[in-house]
Amino acid sequence: TPPFDINAVRRDFPILAERVNGRPLIWLDNAATTQKPQAVIDRLAYFYAHENSNIHRAAHELAARATDAYEAARHKVARFLGAGSPEEIVFVRGATEAINLVAKTWGAQNIGPGDEIVVSLLEHHANIVPWQQLAAASGAKIRVIPVDDDGQILLDEYQKLLNSRTRLVAITQVSNALGTVTPVKQIIDLAHRAGARVLVDGAQSVSHLRVNVQALDADFFVFSGHKVFAPTGIGVVYAKKELLEAMPPWQGGGNMIADVTFERTQYQPPPNKFEAGTGNIADAVGLGAALDYVERIGLENIAHYEHLLLDYATQGLKTVPGLRLVGTARDKTSVLSFVLEGYRTEEVGAALNRDGIAVRSGHHCAQPILRRFGLEATVRPSLAFYNTCEEVDTLVAVLHRLARGKGNTALR
Ligand code: PMP
């Protein structure tokens with residue numbers, strides 16, 4: 001049983017009462033995006049009904065309300081991540097934009113010909129492609145940390161990759177394809193000893209486990225709001241203050257300048273230096289409300305319950321004949337990835353959908369790690385704290401039905 005009132009939690013998420021194909025919706029696509037509690041939906045409506053204005057630039061009451069709400073959200077993010085100060089929090093569209101921002105500013109300034117960027121085989125394409133683009137533009141090289149058969153990165157191999165040319169290690173904290181939790185603290189310590197900076201992709205971690213960027217000593221940490229019960233279109237770059245201060249701006253425009261003449265433009269200090277133009281004010285406020293909600297339940301409680309749920313689901317899936325689980329690391333969270341003999345992954349996804357169950361099937365924007373296991377695609381149920389053992393039972397029952405129907409062409 002969860003250490004919180006699961007029925008009350010489920011009532012907080014209106015979409016969980018939806019029906020799909022005549023069945024109650026079972027939302028097991030949380031790694032793609034999470035559902036939104038009423039508190040977040042209400043906060044957005046309240047913002048537009050009572051506070052809406054552009055920020056920072058006007059003398060009127062609503063500008064003050066909007067600015068206060070936006071900056072309060074920045075404070076909440078800073079507290080949520082254990083950052084040293086809100087000035088270390090830059091709002092962007094999501095994890096993808098966050099990584100691109102770091103690549104195009106810090107990366108362009110600090111990475112040159114012959115330098116090395118280390119990523120892992122577990123990375124989402126969002127933490128591969130921007131570094132490839134940077135490597136192509138700068139003459140740097142990409143080195144890849146391999147993983148073992150359970151889907152955990154090989155620390156020994158990682159250590160061998162580090163050298164005096166290593167400038168950056170870009171590593172996910174949780175694999176979106178397998179659920180592996182990587183040893184980021186050790187990865188960061190080793191990188192720092194080699195004189196390299198570290199970017200942690202927290203897109204899949206912040207909704208499942210407690211993060212403290214200062215305890216980790218992460219140089220950069222990024223995440224997307226929509227994967228932590230907040231709206232789409234808002235995300236975060238955390239970076240150490242001295243890094244943000246030294247980094248050049250990315251986009252130029254309003255809001256990010258202190259003074260403009262045609263001879264010379266002076267920029268605002270961070271974070272404004274990186275927030276050109278009118279940002280996603282309402283959704284930043286919504287992100288603040290989502291983090292308040294998560295903190296009310298408590299990440300420790302969430303992690304504890306999701307662990308039980310993951311174990312329960314893993315045991316359940318193991319009973320299905322012909323089902324092959326990939327990603328069996330001891331340290332993992334909330335993601336199950338499998339293939340079912342005799343079925344294409346999209347057939348499994350479609351069959352589950354007929355029973356109201358939403359899962360992702362495909363390559364999960366993480367082709368290198370799936371290919372490591374000889375696969376082009378998997379079926380990926382992914383959990384959140386509002387999921388239940390009963391939902392998992394339904395998933396397992398439908399998979400059993402499919403497995404029994406193998407060879408039955410009518411079913412296929
Ligand atoms: N990194 C990881 C590990 C992810 O799972 C995702 C989203 N699937 C991203 C980065 C990119 O996030 P977004 O699409 O929200 O920018």
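The model is predicted: local features need pLDDT of at least 70, side-chain atom pairs count only at pLDDT 80 or more, and totals for chains, interfaces and linings use all residues. Residues are numbered from 1 along each chain as its sequence is written.

- Domain 1 brings 25 residues to the contact, and domain 2 brings 24 residues. Two residues are in contact if their C-beta atoms, placed from the backbone, lie within 7 Å.
- On the side of domain 1 that touches domain 2, helix H11 (299–318) and helix H13 (367–372) each supply at least two residues. Helices (H or I, at least four residues) and strands (E, at least two) are DSSP runs, numbered from the N terminus.
- H11 gives the largest share of that side, five residues.
- By class, that side of domain 1 holds 13 nonpolar, seven polar and five charged residues. Ala, Val, Leu, Ile, Met, Phe, Trp, Tyr, Cys and Pro count as nonpolar, Asp, Glu, Lys and Arg as charged, and the others, Gly among them, as polar.

**Around the ligand**

- There are 13 residues around the ligand, and Gly94, Thr96, Asn176, Ala203 and Ser224 come nearest. A residue is near a molecule or strand if its C-beta atom, placed from the backbone, lies within 6 Å of it.
- The shell around the ligand has four nonpolar, eight polar and one charged residues.

**The nonpolar core**

- The largest nonpolar core has 124 residues. Such a core is a set of buried Ala, Val, Leu, Ile, Met, Phe, Trp, Tyr and Cys residues joined through C-beta atoms within 7 Å.
- Val198, Phe220, Val222, Val236, Val237 and Tyr238 have the most contacts inside this core.
- Helix H10 (residues 281–297) gives the most to this core, with ten residues.
- Domain 1 and domain 2 each give this core at least three residues.
- Beyond four places in sequence, Val198 touches Val169, Ile171, Ile187, Ile188, Ala191, Ala218 and Asp219.
- In soluble globular proteins, nonpolar side chains tend to be buried together.

**Trp131 in helix H5**

- Trp131 lies in helix H5 (residues 129–138).
- Trp131 counts as buried because it has 23 C-beta neighbours inside 10 Å. A residue is buried if 20 or more other C-beta atoms lie within 10 Å of its own, exposed if 12 or fewer, and partly exposed in between, with C-beta atoms placed from the backbone.
- Leaving out residues up to four places away in sequence, Trp131 touches Ala103, Ile117, Val119, Ile142 and Ala170.

**Val396 and Val398 in helix H14**

- Val398 lies in helix H14 (residues 389–404), and Val396 lies in helix H14 too.
- Val396 is buried, with 20 other C-beta atoms within 10 Å. Val398 counts as buried, with 20 C-beta neighbours inside 10 Å.
- Val396 and Gln315 are 81 residues apart along the chain, and their C-alpha atoms are separated by 9.8 Å.

**Confidence**

- The protein averages a pLDDT of 96, and 98% of the residues score at least 70. pLDDT is the predictor's confidence in each residue, from 0 to 100.
- Over residues 407–412, pLDDT stays under 50. For these residues, the model has two contacts beyond four places in sequence.
- The model scores ipTM 0.99 and pTM 0.97.

Notes. Domains from an automatic or database assignment.
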